[in-house]
Amino acid sequence: MSATSASLSERWAQRLAPFALPLALLVAWELSSKLGWLSTRVLPEPLAVVRAFWTLAVSGEIWQHVATSSWRALSGFAIGGSLGLVLGLLTGSLRSAETLLDSTLQMLRNIPALALIPLVILWFGIDESAKLFLVATGVFFPIYINTFHGIRAVDKGLIEMARSYGLAGWPLYRHVILPGALPSILVGVRFSLGLMWVILIVAETISAQAGIGYMTMNAREFLQTDVVLVGILLYALLGKLADLLSKGLERWLLRWHPGYQTPART
Amino acid sequence: MHPYELELEAAAIGALTPVTRDAARAAHTITKAPLRLLEPRAPSGSAVDAQGLSKSYGAREVLRDIDLRIAPGEFVALVGRSGCGKSTLLRLLAGLEAADAGRIAFDGATQATSPNGHRADTRIMFQDARLLPWKRVLDNVALGLSSKDATQRALDALAQVGLADRADEWPAVLSGGQRQRVALARALVHTPRLLLLDEPLGALDALTRIEMQRLIEGLWQRHGFTAVLVTHDVGEAIALADRVLLIEDHRIALDQRVSLPRPRSRGQAAFAQHEERLLDRVLQQPSHDTRAETPEEFPVAASALRWAV
C-alpha cells in the first residue's frame, strides 16, 4: 500500500520536474516586478501579460492576427516544402537530374533566406507574396536535402530484393524507395517547421498590416511591453504546436520503426 | 552426361516436421481452406544448365569457366571457404548480376545473362531476410503479387512456415529465425520452380538452424522445386543436398552425390562419414604457391651457381 503510493508520488515528481525551473523563474519574475526591481518598460509582470492576452482574446483581435500569420506560414510551407520534396525526389532518383541541379541548389542553399529581404522587397513590394516567398525559400532547403539523402540512403539490399521479386517503376518507388526515404524526409519537415516561424517573424516585423509580427511591432511603438510579450509567447506556442504536429506525423507514419514502437512486454 | 537419379523416393512426403504440422494447424484455424492455392504444380522444378560462366570484379577473378547442370527438383549445395565465389555463382543464377562470359539455360531455353533477366519462377532468399520494415508481415509476403487472391495466398504461405498468427506484426518485432521464415514464405508464395538460398541460415542460432533446415527440406519435398543452397556449413549441406559442390580456386573442385535416405540424422554413421570427408577436402585446400610453382626444371643453369662447399 505504502509502496504503491510512494511510487505514485515519485512518478508525479518525475512528471513535474521539468516544470520546476520555469515556475521558479515565473515566481521570481512576478516578485521582482511587484517589489519594483523590474521596470514595466523593461518587462511587465506576468499577470499583466495574462491580462493583455485576455483583453486581446476577448476583443477577437488576437485571433485575427494568429489566423493571418498561420495562413502565411502554412502556405509558404506548402509551396516551398512541395517544391523541395519534388526536386529532392528528382535529384535523389535520377543521376542526370543530380548532375544538372544539385550543385546549383547546394550553392543557393548557403545564402540565408533572410539575406534576400532587400531584393524581395524590390521584387514583390511589401505585400503577402514577399512573405510567402521568404518562407518558401526558407523551408525549401531542409526538405530538399533530407529528401535527397533519404532516397540515396535507402537500403540497396531491399531494392535488389524488390527487383528480383518483379517490382520495377512506380510500384518499386511506392513500396520500397519512398517508405525507405520517409524517416529522412520527416526530419527535413521538422527542421522546416521550426525555420518557417523564424523567417515569418522576421518578415512580419519588417512590413505587415496584420499578423502577430505586426501586432508586436505596433505595441512596441506604444510601449505596450505586455502585448509584445504576448506576441513572443504566441510564436513560442505556435512553434511548439508545429513541432508536436510533426512529431505526431512521425509517430503515425513511422509506426513500423523500432524507434517508435513501445517496447514489447515480455 | 550422367543420369540424375533422385533420392526422392526415400523421402516420404509424410515426414512432416513439427513446424510444418503447426503450420498446417494454424492454416486450418485461420483460413479454413488450408494450403489450397499453393498446392504443388507439375512439372515443378526447373532444370538449370550453365556453361562457361566466368565473372571478375575488376582485376579479381571470382569464377572461371564454370559448367553446372542441375536436374529438375534436385537439391544442390554450394560450399567453400568465404570469398570463394559461391554466392557470386548464385547471384549469376538469380540474374542479379551478369556473367562476363557464358550462358545459363533454364529448362533448355538459353537466355543471355543480363542483370535485368529476373525470372518469374526463380526466387532468392538472402542471408539477411530483407523484409520491408514498413510493411506488416502479411504485406511483405504478398509483395509483388497482383492477383485478387494475393492476401489469401500470402496467408497460406505464412501458414506453411508456421507464422500465420504473426501476419499483422511488424518485421521489427520478429526474431531472426522468424524473419527468415517470413522470407521463405515470401519466396514460396510465387510458387518458384527454382529456389536460390544465399546462406539464409548463416546468422541463426544452432537450434533455429536445424528447425529451419527441416522446414526447408519439408517444403522442398512438398513442392518439388529445384533448390540451390549456398552455405559455409558442411553439415548443413550434407543434411539437405542431393549433391554438394565445392567451389575452390574459381571453379567447381568437387561434385559429390549424397545418397543418404531422408530424413537425415546427424547421428547416422554414414552422415558423419560424409561430413568428415567433405570437411577434410575443404580444409586441405593446398596453398597456391606449393602447387602452382613446383619447378619442372631447374630454373638456373648449374654453372651459374656458386657452390659453397
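## Overall dimensions of chain A

Chain A has a radius of gyration of 24 Å, whereas a compact globule of 266 residues would have one near 18 Å. This value, like the others in this report, comes from a predicted model. Along its principal axes, the C-alpha trace of chain A spans about 75 × 70 × 30 Å.

Of the 266 residues in chain A, 30% count as buried. When the contacts in chain A between residues at least 6 apart in sequence are considered, 73% of them join residues that are at least 24 apart.

## Helices of chain A

Chain A contains 10 helices and zero strands, and its pattern, read along the sequence, is accordingly written α-α-α-α-α-α-α-α-α-α.

One pair of helices can be followed in detail. Helix H7 of chain A, residues 156-164, packs with helix H8 of chain A, residues 169-206, at an angle of about 170 degrees, and their axes are 11 Å apart. Because angles over 145 degrees count as roughly antiparallel, H7(A) is described as roughly antiparallel to H8(A). On the H7(A) side the residues that meet the partner helix are Leu158(A), Ile159(A), Ala162(A) and Arg163(A), while H8(A) contributes Leu172(A), His175(A), Val176(A) and Gly180(A). Sorted by class, the contact of H7(A) with H8(A) is made up of five nonpolar, two polar and one charged residues.

## A position in helix H10

Leu244(A) is placed in helix H10 of chain A, which covers residues 225-253. Is Leu244(A) buried or exposed? Leu244(A) counts as exposed, since it has 10 C-beta neighbours inside 10 Å, and a residue is called exposed at 12 or fewer. Although Leu244(A) and Arg190(A) are 54 residues apart along the chain, their C-alpha atoms are separated by 9.6 Å.

## Where chain B touches chain A

The two chains meet through 16 residues of chain B, which are in contact with 16 residues of chain A. On the side of chain B that touches chain A, the residues divide into 12 nonpolar, two polar and two charged.

## A position in chain B

Gly102(B) belongs to strand E4 of chain B, which runs over residues 101-106. With 18 other C-beta atoms within 10 Å, Gly102(B) is partly exposed, because a residue would need 20 or more such atoms to count as buried. Gly80(B) lies 22 residues from Gly102(B) along the chain, and the C-alpha atoms of these two residues are separated by 22 Å.

Notes: Residues are numbered from 1 along each chain as its sequence is written. Chains are lettered from A and ligands numbered from 1 in the order in which they are written. This is a predicted model: local features need pLDDT of at least 70, side-chain atom pairs count only at pLDDT 80 or more; totals for chains, interfaces and linings use all residues. Two residues are in contact if their C-beta atoms, placed from the backbone, lie within 7 Å. Ala, Val, Leu, Ile, Met, Phe, Trp, Tyr, Cys and Pro count as nonpolar, Asp, Glu, Lys and Arg as charged, and the others, Gly among them, as polar. Helices (H or I, at least four residues) and strands (E, at least two) are DSSP runs, numbered from the N terminus. The radius of gyration is taken over C-alpha atoms; the globule rule is 2.2 Å times the number of residues to the power 0.38. Axes are lines fitted to C-alpha atoms, for helices over the stretch in contact, and angles run from 0 to 180 degrees between N-to-C directions. Angles under 35 degrees count as roughly parallel, over 145 as roughly antiparallel, 65 to 115 as roughly perpendicular and the rest as oblique.
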